[in-house]
Number of protein chains: 2
Amino acid sequence: MEIEELQASMAHLYLDRDARRGSDATFRWLAEEVGELAKAMRTGDRANLEHEFGDVLAWLASLANLEDVDLGASVARYAETCPRCGAAPCGCPFP
Amino acid sequence: MEIEELQASMAHLYLDRDARRGSDATFRWLAEEVGELAKAMRTGDRANLEHEFGDVLAWLASLANLEDVDLGASVARYAETCPRCGAAPCGCPFP
């Protein structure tokens with residue numbers, strides 16, 4: 001799926017409610033999903049792990065809609081080379 | 001950009017290092033980026049806000065590579081209707 005397609009679908013499905021809830025509460029919900037992803041990494045249930053990755057990405061797209069950020073454009077700098085060092089694979093010195 | 005294309009690019013650029021770092025430390029780095037997103041929402045710098053959304057998505061893709069999860073497949077259930085109530089827009093009772 002295109003990132004733009006996901007973001008548009010999230011807007012169609014949830015933007016009215018997301019806007020009523022607001023960015024702060026939507027961020028809190030994203031954080032909750034990140035916590036559920038942490039738990040899924042521990043339990044070893046593959047279907048649940050995939051589910052929680054999807055939920056984190058979906059809530060990130062909802063928050064991007066509220067903040068009027070194009071999520072696909074935001075990540076385009078990672079498409080070919082490392083945005084910090086310019087190499088592929090990355091040659092940055094950090095761990 | 002396709003979600004699959006982003007995930008493949010992140011693998012090409014970073015998987016060797018991500019694998020040496022491991023899932024736990026990569027999750028910690030994802031959490032750090034989520035914190036940077038929270039801060040960017042507060043400061044009002046639009047370029048920084050877009051940058052931090054991109055970093056959260058990039059680290060989520062790195063973690064998905066380490067956990068052998070297809071990020072595009074994980075979010076496919078949000079493509080057309082709400083995966084909980086089946087409606088579009090969503091008609092779930094939660095806030």
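Let's start where the two chains meet: between chain A and chain B there are 26 residue pairs in polar contact, with both residues of each pair at pLDDT 80 or more. Keep in mind as you look around that this is a predicted model.

Which elements of chain A give two or more residues to the side that touches chain B? They are helix 1 (3–21), helix 2 (23–43), helix 3 (46–66) and helix 4 (71–75). Helix 3 of chain A gives the most, with 13 residues.

Now step back to the whole contact. Chain A brings 57 residues to it, and chain B brings 57 residues as well. Together the two chains bury about 5,100 Å², with 65% of that area on carbon and sulfur atoms. On the chain A side, A:Met1, A:Phe53 and A:Tyr78 supply 15% of the area buried against chain B, more than any other three residues.

Two salt bridges are found across the interface. In a salt bridge between A:Arg77 and B:Asp55, the side chains meet at 2.4 Å, N to O.

Another arginine is worth a visit: A:Arg17, in helix 1 of chain A. This residue is buried yet has no salt bridge, and the nearest side chain of opposite charge, A:Asp18, is 6.7 Å away. What does the side chain of A:Arg17 reach at 2.7 Å? The backbone oxygen of B:Cys92. Leaving aside residues up to four places away in sequence, A:Arg17 touches B:Cys90, B:Gly91, B:Cys92, B:Phe94 and B:Pro95.

Terms used
Residues are numbered from 1 along each chain as its sequence is written. Chains are lettered from A and ligands numbered from 1 in the order in which they are written. This is a predicted model: local features need pLDDT of at least 70, side-chain atom pairs count only at pLDDT 80 or more; totals for chains, interfaces and linings use all residues. Side-chain values use heavy atoms; hydrogens and water are left out. Contact means heavy atoms within 4.5 Å. Buried area is the accessible area (1.4 Å probe) that two parts lose on being put together, summed over both. A salt bridge is a side-chain nitrogen of Lys or Arg within 4 Å of a carboxyl oxygen of Asp or Glu. A polar contact is a pair of N or O atoms within 3.5 Å; within protein, one must be able to donate a hydrogen and the other to accept it, and residues adjacent in sequence count only if both atoms are side-chain atoms. Helices (H or I, at least four residues) and strands (E, at least two) are DSSP runs, numbered from the N terminus. Buried means under 20% relative accessible area, exposed over 50%, partly exposed in between (1.4 Å probe, protein chains only). Lys and Arg count as positive and Asp and Glu as negative; His and the chain ends are not counted.
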